[in-house]
Amino acid sequence: MNEVTDALAPIQDGFRAENCFLFGPSSVGKTTVAKAAVRELRQEVLDVPHAYVNCWQDYTRNAVLEQLARDLVGAALPRSSSTGRLIDLITDNLNGPGVVILDEADQLRGTEVLYDLHEIRGLSWIGIANREVDLLADLDDRVTSRISVAYRVRFDTYSEDAITEILSRRAREGLGPGAVDEDVLARIARLSEGDARQAIAALRVAARMATREGLSVIPARLVKDAVANAEREVRQKTISKLNDHQRVLYEVLAEEDGLIQKELYARYEEAHPDPVTLRYLRENHLPKLEHYNLVDVDLVLVNGCEFPHHRMAQPVSPDYFESAYF
Ligand SMILES: Nc1ncnc2c1ncn2[C@@H]1O[C@H](COP(=O)(O)OP(=O)(O)OP(=O)(O)O)[C@@H](O)[C@H]1O
Ligand SMILES: [Mg+2]
């Protein structure tokens, strides 16, 4: 949080902020921190132009620029504006230095838009991705030498204690004091394996189950089912966010007991009307499915050669928690 705040600090003096890049596994607070840092800045500098783009949904250059024109300068957009027109609109109307959050930036179809942002005076960005990919890699060297990413912030998985603390605050705020014991929260944290989103969903599910039973305190016996139900809930929500390429991959894998990458690609290519290349699939769509724990990958031996092999990640059933480990 401090690093992102430092990156944005120049805006308080009327200068362009530093670009920064946040990366790390799912559910570790990247989006939360980026939004909180911008919110904090807005308390210092009222009216700072800001925008949030989820590049998973808005993955083309024009889609990103359209969102920026709307959020940064409140432009009423003529239908299907050209790239140049959108950039002009933003450049001409941007009032002082501003900041853009590019969430899920690894889903951008191309990275020229980073160059567009660079050309707009006063604009800086916070890019968010799962892995420390080089966001500027596809750009021309002459361009990348001029665009810099001054802050790279790595987020690590939360410890059980950190998750318990997050839950404890949520419970106090959302359920009131005394609705759940600390050891029940610790149990939710342990079963959620460092995943804050999952743990918070489990707390919500557990509260709902307890209410249904007419209880005012969440009993420990509900935790196991709550965690399993929460996992399904989170998974369902993630699946609903998949783009059509990722959805086809997921559906193919749902029908199969795992496929090596080449076979998976062949099946995808058959099923999708406008398929991307194998390379793009491998570098872009498949890692996304892995990041969100929808698909597992390992290596299998075929004729003495190792091949990547993908299968649907198995949902956790409550029985899983009966094992000795827990
Ligand atoms: N430090 C924290 N304090 C309180 N809540 C948190 C914290 N970190 C994360 N959360 C909560 O956990 C959930 C997941 O966080 P967030 O969406 O920021 O993760 P992310 O790193 O962006 O994950 P993804 O890569 O899946 O998008 C959110 O509900 C968020 O409010
Ligand atoms: Mg996020």
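Tyr265 and Tyr268 are 3 residues apart in helix H12 (residues 261-271), so about one helical turn separates them. Helices here are DSSP runs of H or I with at least four residues, strands are runs of E with at least two, and both are numbered from the N terminus. The model is a predicted one, in which local features need pLDDT of at least 70 and side-chain atom pairs count only at pLDDT 80 or more, while totals for chains, interfaces and linings use all residues. Residues are numbered from 1 along each chain as its sequence is written, and side-chain values use heavy atoms, leaving out hydrogens and water.

**Rings that pair**

Rings of Phe, Tyr and Trp (its six-membered ring) pair if their centres lie within 6.5 Å; planes under 30 degrees apart are stacked, over 60 edge-to-face, and the rest tilted. That rule gives 3 aromatic pairs. In one of them, Trp56 and Tyr292 have ring centres 5.3 Å apart and planes at 20°, so this pair is stacked. The pair links distant parts of the chain, 236 residues apart: Trp56 is in the loop between strand E2 (50-54) and helix H3 (61-73), and Tyr292 in the loop between helix H13 (278-291) and strand E7 (295-302). Tyr265 and Tyr268 form a tilted pair, with 5.7 Å centre to centre and 45° between the planes.

Buried means under 20% relative accessible area, exposed means over 50%, and partly exposed is in between (1.4 Å probe, protein chains only).

**Charges over rings**

A charge sits over a ring if NZ of Lys or CZ of Arg is within 6 Å of the ring centre and within 35 degrees of the ring normal. Trp56 has the charged end of Lys288 over its ring, 4.9 Å from the centre. Lys35 lies over the face of Tyr52, 4.3 Å from the ring centre.

**Salt bridges**

A salt bridge is a side-chain nitrogen of Lys or Arg within 4 Å of a carboxyl oxygen of Asp or Glu. The whole structure has 15 salt bridges, including these:

| Salt bridge | N to O distance |
|---|---|
| Arg70 and Glu66 | 3.8 Å |
| Arg169 and Glu165 | 3.0 Å |
| Arg208 and Glu233 | 3.4 Å |

Arg208 counts as partly exposed at 38% relative accessibility, and Glu233 counts as partly exposed at 25%. Arg70 and Glu66 both lie in helix H3, 4 residues apart, about one turn of the helix.

Key
Chains are lettered from A and ligands numbered from 1 in the order in which they are written.
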